[in-house]
Amino acid sequence: MATTDVLAASDISTAINACIAKDSFSLKTFFATVGLSKKSPAEIEKVFKMLDQDKSGFIEQDELQLFLQNFSKGARALTAAETKAFLMAGDMDGDGKIGWEEFSALVNAS
């Protein structure tokens, strides 16, 4: 499954282009721009499963760093600061990773 099965390619392109510069990534802006915050729980879960590359049921730090590349092959990796901020925003139970419920809450807060 590709992200374009859930999200519009034009919205993905706009969101990726908005954070081309290092340290310009904003979770809330990205989720709103790609339209993820307006999707159903089932659609949000599909995106979560795509981001969970190792199928562990969690999005870990190394997967967060490659977050943008899951939406567009040519996208940049998140910087260490962006990755840390993303993890801190989503990791509500302090276990160092983002589970499905945490991801859903993060998207819905956007």
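At which residues does UniProt place the feature "binding site" that includes D52? The unreviewed UniProt entry gives D52, D54, S56, F58 and E63. The views below are taken from a predicted model.

**Figure 1. D52 and E63, two residues of a UniProt "binding site".** D52 lies in the loop between α3 and β1, the strand of residues 58-59. Its relative accessibility is 4%, so D52 counts as buried, because buried means under 20%. Apart from neighbours within four places in sequence, D52 is in contact with G57, F58, I59 and E63. E63 belongs to helix α4. At 6% relative accessibility, E63 is buried too. Residues up to four places away in sequence are again left out of the contacts of E63, which are L51, D52, Q53, D54, F58 and N70. Among these contacts of E63 are D52, D54 and F58, which the UniProt record also lists.

**Figure 2. K55, a residue with a positive phi.** K55 is found in the loop between α3 and β1. Most residues other than glycine have a negative phi. K55 is not a glycine, yet its phi is positive, at about 60°. The relative accessible area of K55 is 59%, so this residue is exposed.

**Figure 3. K97 and E102, two residues of another UniProt "binding site".** The unreviewed entry places this feature at D91, D93, D95, K97 and E102. K97 sits in the loop between α5 (80-90) and β2 (98-99). With a relative accessible area of 25%, K97 is partly exposed, because partly exposed covers the range between buried, under 20%, and exposed, over 50%. When neighbours within four places in sequence are set aside, K97 is in contact with F58, I59, E60, L87, D91 and E102. One of these contacts of K97, F58, is listed in the record for the feature that includes D52. E102 is part of helix α6, which runs over residues 100-108. E102 counts as buried, at 8% relative accessibility. Not counting residues up to four places away in sequence, E102 touches G90, D91, M92, D93 and K97.

**Figure 4. The packing of helices α1 and α2.** Two packed helices are described by the angle between their axes and the distance between the axes. Helix α1 covers residues 9-18 and helix α2 covers residues 27-34. From α1, the residues D11, I12, T14, A15 and I16 meet F30, T33 and V34 of α2. By type, the residues of this contact are five nonpolar, two polar and one charged.

**Figure 5. D23, in the loop that joins α1 and α2.** Phi of D23 is near 60°, a positive value in a residue that is not glycine. D23 is exposed, and its relative accessible area is 52%.

**Figure 6. The packing of helices α3 and α6.** Helix α3 spans residues 41-51. The axes of α3 and α6 lie 10 Å apart, at an angle of about 120°. This makes α3 oblique to α6. The crossing of α3 and α6 is right-handed. On the α3 side the contact is made by P41, I44, E45, V47, F48 and L51, and on the α6 side by W100, F103, S104, V107 and N108. Eight of the contact residues are nonpolar, two are polar and one is charged.

**Figure 7. T3, in the segment before α1.** Is T3 buried or exposed? Its relative accessibility is 6%, so T3 counts as buried. T3 touches I12, M50, N70 and F71, with residues up to four places away in sequence not counted. I12, one of these contacts of T3, is also one of the α1 residues that meet α2. N70, another contact of T3, is touched by E63 as well.

**Figure 8. L66, in the loop between α4 and α5.** Helix α4 covers residues 61-65. L66 counts as partly exposed, at 41% relative accessibility. L66 and T79 are 13 residues apart along the chain, and their C-alpha atoms are separated by 9.6 Å.

How values were computed
Residues are numbered from 1 along each chain as its sequence is written. This is a predicted model: local features need pLDDT of at least 70, side-chain atom pairs count only at pLDDT 80 or more; totals for chains, interfaces and linings use all residues. Side-chain values use heavy atoms; hydrogens and water are left out. Axes are lines fitted to C-alpha atoms, for helices over the stretch in contact, and angles run from 0 to 180 degrees between N-to-C directions. Helices (H or I, at least four residues) and strands (E, at least two) are DSSP runs, numbered from the N terminus. Contact means heavy atoms within 4.5 Å. Ala, Val, Leu, Ile, Met, Phe, Trp, Tyr, Cys and Pro count as nonpolar, Asp, Glu, Lys and Arg as charged, and the others, Gly among them, as polar. UniProt positions are given in the numbering used here, feature names are shortened, and annotations may be inferred rather than shown by experiment. Buried means under 20% relative accessible area, exposed over 50%, partly exposed in between (1.4 Å probe, protein chains only). Angles under 35 degrees count as roughly parallel, over 145 as roughly antiparallel, 65 to 115 as roughly perpendicular and the rest as oblique. A crossing is left-handed if the near helix is turned anticlockwise from the far one by less than a right angle, and right-handed if clockwise.
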